[in-house]
Amino acid sequence: MREATNAGARKQRTVEPAASEPAGTLVDAEVDESPVPGPTHVGSRRQLAYLGLCLVLIGLNLRTVFSSFSAVLPEVTAQAALPGWAVVVLTTVPVTLLGVFAPLAPVLARRFGAERVLLGAMAVLTAGLLLRPVELPGPSHLPALLAGTAACGAAIALCNVLLPGLVKRDFPHRLGLMGGLYTTAICASAALGAGFTYPLYTASGEWTLALWFWAAPAAVVLLLFLPVALRQPRIRHQAVRDGVNVWRSAVAWQVTIFMVLQAMMSFSVFAWLAPILRERGVDGATAGLIVSVCIVLQMLGSLFAPALAARFHDQRAINTVVALMTGGGFALSIFGPLDLVWVWAGLLGLGQGSLTAVALTMIMLRTRDGHTAAHLSGMMQGVGYGLGSTGTLMVGQLHQATGSFTAAGVLFLVVGLLAGIFGYRAGRNRYVS
């Protein structure tokens with residue numbers, strides 16, 4: 001028998017968030033299962049609050065792997081003697097794996113339960129962060145960097161898919177609060193990695209220690225979440241077919257391509273903005289601070305853009321504007337006047353945060369039920385992150401081929417323009433059908 005807290009949550013679990021709430025972007029990836037997964041078992045309100053803290057802290061670890069590596073990329077490249085291809089792979093692989101492993105998350109959750117899969121993902125993330133800086137006998141740092149980075153990407157993919165559903169199911173009466181905390185935690189994760197990694201390197205003199213540091217908070221969250229996950233009952237679920245076949249919907253493809261283009265720019269910010277600024281002559285600490293502030297501004301955009309988008313009859317205008325802001329801000333960060341770099345970073349941050357949020361909001365605004373929303377979310381994550389990783393790949397290849405990031409600036413102008421076009425089409429007031 002579930003405790004009273006869970007019984008109350010079950011009665012409210014079908015409540016959908018208002019479109020204007022941050023939680024409006026939360027999609028339950030397990031909605032197509034039978035029996036439908038219920039809230040996490042907790043015995044009291046205090047334990048429910050503890051669960052909420054754990055979920056937010058998991059979110060706080062989901063982006064440090066991207067921004068921490070880019071903050072010390074020149075040092076890692078020089079001291080570990082990384083070849084050019086390895087730099088490109090290390091910045092591309094984790095994003096690619098977000099798309100590759102996303103479809104696996106509901107399959108694992110049906111067999112082991114979402115809580116246990118999240119626990120396992122945090123264990124893999126911690127192990128990957130510990131492995132990244134290891135120098136193996138003979139070869140160098142490269143094998144461990146590749147293996148550790150791949151492990152982190154796979155773990156984050158599982159968390160990306162399952163965590164929003166848990167937040168939505170366990171806190172139906174606090175969706176606005178928990179949705180906002182969850183969104184803010186993920187952005188804060190990237191900001192912390194960007195802002196503190198280079199000072200850690202300066203203080204220790206070792207890039208390995210600066211990267212190892214980020215395994216500590218992941219390990220703490222793993223230990224905190226361990227008793228919650230292990231006390232959950234093992235209930236086998238089966239997949240059921242329900243909802244629209246999104247793969248045959250033109251609207252779904254327009255929304256997905258919009259997601260692809262925003263992901264190309266979003267993860268390129270994490271991977272390349274700090275190296276871009278440092279190549280332009282900005283010192284490592286200031287470059288990390290600029291990226292961190294840029295990501296903090298992303299938080300503001302991600303909090304306000306969904307509410308603004310939901311107020312419009314359609315989202316064509318806001319989708320186009322934020323896409324052009326993002327592409328323009330990124331391009332200007334590369335070849336705009338360096339004296340105004342804070343302005344360009346601010347434009348990029350507000351644009352990117354808003355762009356990511358409205359792209360995710362399209363899931364709810366273009367579907368009529370939770371089943372179709374879950375299918376569209378799976379399609380967007382699989383295709384969006386899988387193809388979105390080509391952004392970081394192309395930036396690295398263009399830099400290798402030309403010796404500068406100028407060509408990447410042109411690339412982002414083109415990507416921003418395409419995102420505006422597909423955002424305009426995805427923003428029309430129609431439904432996936």
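Leaving aside residues up to four places away in sequence, Trp-212 touches Leu-129, Leu-130, Pro-133 and Val-134. As for Ser-433, that residue is 221 positions from Trp-212 in sequence, and the two C-alpha atoms are 47 Å apart in space.

Next, the confidence of the prediction. The protein has a mean pLDDT of 87, and 92% of its residues reach 70 or more. Helix H7, residues 114–131, has the highest confidence, at a mean of 96, whereas helix H1, residues 4–12, has the lowest, at 40. Over residues 1–23 pLDDT stays under 50, although the model has 47 contacts for them beyond four places in sequence.

I turn now to charged pairs. Side chains of opposite charge can pair when their charged atoms come close. How many salt bridges does the count give? The count comes to two. In one of them, the side chains of Arg-278 and Glu-75 meet at 2.5 Å, N to O. Arg-278 lies in helix H12 and Glu-75 in helix H4, residues 73–79, so this pair ties together parts that are 203 residues apart in sequence. Both Arg-278 and Glu-75 are buried.

Another salt bridge joins the side chains of Asp-314 and Arg-316, at 2.8 Å, N to O. Here the partners fall into separate classes of accessibility. Asp-314 has a relative accessible area of 15% and is therefore buried, while Arg-316, at 29%, counts as partly exposed.

Rolling a probe the size of a water molecule over the atoms shows where empty space is left. The count gives one cavity of 30 Å³ or more, and the largest cavity holds about 100 Å³ of space. Which residues are closest to its centre? Of the 13 residues that line the largest cavity, these are Val-65, Phe-66, Leu-90, Thr-91 and Pro-94. The elements that give two or more residues to this lining are helix H3 (64–71), helix H5 (84–101) and helix H12 (250–279). By class, the lining has nine nonpolar residues, three polar and one charged.

Methods. Residues numbered from 1 in each chain as written. Predicted model: local features only at pLDDT ≥ 70, side-chain atom pairs only at ≥ 80, totals over all residues. Heavy atoms only, no water. 1 Å grid on protein atoms, 1.4 Å probe; cavity = no way out; pocket = protein on both sides within 12 Å on 5 of 7 lines; lining within 4 Å. Points joined across faces, edges and corners; volume = space filled by probe spheres on them. Helix = DSSP H or I, 4+ residues; strand = E, 2+ residues; numbered from the N terminus. Nonpolar A, V, L, I, M, F, W, Y, C, P; charged D, E, K, R; others polar. pLDDT = per-residue confidence, 0-100. Contact = heavy atoms within 4.5 Å. Salt bridge = Lys/Arg side-chain N within 4 Å of Asp/Glu carboxyl O. Buried < 20%, exposed > 50% of the residue type's maximum accessible area, 1.4 Å probe, protein only.
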